[in-house]
Amino acid sequence: MCYIYADDREHQETMSKFVESALPEQELVSYFADVLSAEDLSAHFARLGIRLPQELAAGHFEGDVAQRIYCPDGTFIPQRMLDRVRELYLESVRAGYSGARVTGEMSWALRGLPGSERLIEYESGLNAVVRECPATLVCQYDARRFSGATLYDVLNVHPYMIVRGQIVRNPYYCSGD
């Protein structure tokens with residue numbers, strides 16, 4: 001699903017709920033931040049009232065810098081990232097979790113790194129990954145930073161979206177099937 005936002009407070013609250021709701025479900029959480037550093041994520045969640053349990057902090061929660069995850073060698077390769085998402089899910093199940101919850105702040109794609117023009121190809125490919133590996137995925141887009149054309153493309157490839165903290169079917173989704 002996609003989450004397009006234009007309000008920082010709403011963004012923080014929504015993503016905090018996303019992480020917090022994984023705890024009772026025993027899901028592995030991976031959060032790839034672009035605005036916050038990986039080191040600031042736990043402090044950020046604590047400020048919002050989310051206390052990551054000790055066992056979560058010791059392996060149930062992976063926080064990292066988005067650009068390092070999406071472009072480990074300075075280039076974005078959609079298939080490599082699709083394989084990584086698939087592997088995150090499979091690793092979570094092998095480790096005994098009920099599943100995986102993965103979210104990324106997508107503003108890294110605005111830096112003009114090689115391959116970033118293939119962002120929508122990647123986003124579209126996530127649908128096939130989720131059919132095979134039913135992880136819960138949220139792609140975060142700050143509407144103040146992305147063009148209307150890009151956001152329209154984002155809406156076209158995500159079957160669900162988050163609106164005011166609620167998950168809804170995306171009326172703009174084009175399945176392409």
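## Reading a sheet and its helices

User: Which strands does helix α1 (residues 8–20) lie across, and at what angle does it run to β1?

Analyst: Helices (H or I, at least four residues) and strands (E, at least two) are DSSP runs, numbered from the N terminus. Axes are lines fitted to C-alpha atoms, for helices over the stretch in contact, with angles from 0 to 180 degrees between N-to-C directions; contact means heavy atoms within 4.5 Å. Here α1 lies across β1 (2–5), β2, β3, β4 (99–105), β5 (136–142) and β6 (160–163), and runs at about 160° to β1. This is a predicted model, where local features need pLDDT of at least 70 and side-chain atom pairs pLDDT 80 or more, while totals for chains, interfaces and linings use all residues. Residues are numbered from 1 along each chain as its sequence is written, and side-chain values use heavy atoms, without hydrogens and water.

User: Which residues of α1 are buried?

Analyst: An α-helix has 3.6 residues a turn, so residues three or four places apart point the same way. Buried means under 20% relative accessible area, exposed over 50%, partly exposed in between (1.4 Å probe, protein chains only). In α1 the buried residues are H11, T14, M15, S16, F18 and V19. At the N-terminal end, D7 caps α1, with a side-chain oxygen 3.2 Å from the backbone nitrogen of R9.

User: What is the strand order in the sheet?

Analyst: Two strands pair if DSSP finds at least two bridges between them. The open sheet has seven strands in the order β3-β2-β4-β5-β1-β6-β7, with mixed pairing. β3 (61–65) and β7 (166–169) are the edges; each has a single partner strand, so one side of each lacks a neighbour in the sheet. On average, neighbouring strands are turned by 20° against each other, direction ignored. β2 (residues 27–33) pairs with β3 in the parallel sense over five bridges, and S30 stands opposite E62 in β3.

User: Is D34 buried or exposed, and what does its side chain reach?

Analyst: D34, in the loop between β2 and α3 (41–47), has 13% relative accessibility and therefore counts as buried. A polar contact is a pair of N or O atoms within 3.5 Å; within protein, one must be able to donate a hydrogen and the other to accept it, and residues adjacent in sequence count only if both atoms are side-chain atoms. The D34 side chain makes one with the side chain of S107 (2.6 Å), and reaches the backbone nitrogen of W108 at 3.3 Å.
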